[in-house]
Amino acid sequence: MSHHRFFRRVLPLVAALFWINPASAAVYCATNATDLQNMLNAAALSADDDVIRLRIGTFIAPGDVNGFTYVSGNDGALTISGNWFGSNALPNACVDQKEYHHVTTLSGSGQRRALTASMTSMTPGILRIEQVKFEDGLTGLSSFGGCVSIASAYGTVQIERSIFEGCIAPLGDGGGLSLQAKAAQLRGNVFHHNTARRGGAAFIEGRGGALVLNNNTIADNLAEGLAGAAGGLQFVKSGIDGAATALWASNNLVWGNNAGNDRYDIDVSGLSANAAVLRYNHLGTVKGTPAPSSSNTSAGDPRFVVASPVLWSDYETRSDSIVRNSGNNSPAGGLTTWDVAGVKRVQGSAVDRGAFEIDELFGNGFD
């Protein structure tokens, strides 16, 4: 089936943060790397809510170790959105977004990060990233964020239906993603084959708000050189208000992330006691103690469609997987309308755990 899919502390606080759509003051269309950096520069100078649409294709990160760079001291919001096409009448515009078939890629080409973003305002707008693949990023020794580094100590960051693969932070934190934010929501993303000292997939630093992770697939990431680290997800709290950070994680598949000697798939020990609520997740090894209200955890081989996955699309699960029809249809933070490959949720009696929704039409072996 996978070739079909490749182409195609407070609940009110949590609810208040989800999926606010900014009113765009400017909508840009980037067709190449120079366009993208120029538009990031323009958005950084703006106090408005801007949108950068990226055409289908690969954008090679330019310049120094930081790659594409967005540094803003203003209050405006920014959305970076991939998978855009033109039209016959406007071939160089961004007028039609595809839910599947193609992926917009930001690449560090094995030399630098793909994206560095910093929002220093005390009241920044939301930074939202959707439908982008980040690949082959590399930081310097002891640095952080192999593919993506985002710092918004007072703001909210949303990352949806994106892919992080082949990213390295040697002797640093956050192979695929290093994220510091007041609040964050990650939904429907895939992290695979990323490497770091801690948080091979992602290193997430909470600054006192709600961190929400729903329906992500985190597999085959590596923590190297540090005993007790997480090859998958590493959570910590920081800042004056960091102790109030709350993690709500539902319907995720976090498995096979170098969980050998003194390694973990997910580490919540860096958060306050009872701050991590883990519900309806399929998990490997967990470090730290989830909140007592955590429930419905499954474990074991999730049965990916490819025995030794290489591509992001290989992390789709088989129709006989335990993650099928076993998630929570109403998690804190909600579900995405589409999965990472463009299949509509929910297909069966319940949402599937992880970033992929098994297509009921093609999920029976008749590919």
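# Rings, cores and a sheet in a predicted model

Q: Which residues form one aromatic cluster here?
A: F134, F164 and F191 do. Keep in mind that this is a predicted model.

Q: Where in the chain are F304 and Y315?
A: Each is in the segment after β27 (286–287), and they are eleven residues apart.

Q: Is F304 buried or exposed?
A: F304 counts as buried because its relative accessibility is 9%, and the cut-off for buried is under 20%. Y315 is also buried, at 1% relative accessibility.

Q: OK, charges now. What sits over the ring of W84?
A: The charged end of R53, 4.0 Å from the ring centre. Another case is K344, which lies over the face of W338 at 5.9 Å from the ring centre.

Q: Which residues touch the most other members of the largest nonpolar core?
A: F134, I150, L177, F235 and L247, out of 54 residues in that core.

Q: What does L177 touch?
A: Leaving out residues up to four places away in sequence, its contacts include V148, I150, I159, F164 and F191. F164 and F191 belong to the aromatic cluster with F134.
A: There is also a second, separate core of twelve residues, with V190, A219, Y315 and F356 among them.

Q: Switching to strands. What is the order in the open sheet of eight strands?
A: The order is β3-β7-β10-β12-β15-β19-β23-β26, and the pairing is parallel.

Q: Which strands stand at the edges?
A: β3 (57–60) and β26 (282–283). Each has a single partner strand, so one side of each is left without a neighbour in the sheet.

Q: How many bridges join β15 and β19?
A: Three bridges, in the parallel sense, between β15 (residues 190–192) and β19 (residues 217–219). F191 has I218 in β19 as its bridge partner.

Q: Last one, E130. Which strand is it in?
A: E130 lies in β9, residues 127–130. At 15% relative accessibility, E130 counts as buried.

Q: What is E130 in contact with?
A: Setting aside neighbours within four places in sequence, its contacts are T79, I80, S81, G82, Q97, E160 and S162.

Q: And how far is E130 from R161?
A: They are 31 residues apart in sequence, and 5.8 Å apart in space from C-alpha to C-alpha.

How values were computed: Residues are numbered from 1 along each chain as its sequence is written. This is a predicted model: local features need pLDDT of at least 70, side-chain atom pairs count only at pLDDT 80 or more; totals for chains, interfaces and linings use all residues. Side-chain values use heavy atoms; hydrogens and water are left out. Helices (H or I, at least four residues) and strands (E, at least two) are DSSP runs, numbered from the N terminus. Buried means under 20% relative accessible area, exposed over 50%, partly exposed in between (1.4 Å probe, protein chains only). Rings of Phe, Tyr and Trp (its six-membered ring) pair if their centres lie within 6.5 Å; planes under 30 degrees apart count as stacked, over 60 as edge-to-face and the rest as tilted. A charge sits over a ring if NZ of Lys or CZ of Arg is within 6 Å of the ring centre and within 35 degrees of the ring normal. Contact means heavy atoms within 4.5 Å. A nonpolar core is a set of buried Ala, Val, Leu, Ile, Met, Phe, Trp, Tyr and Cys residues joined through side-chain atoms within 4.5 Å. Two strands pair if DSSP finds at least two bridges between them.
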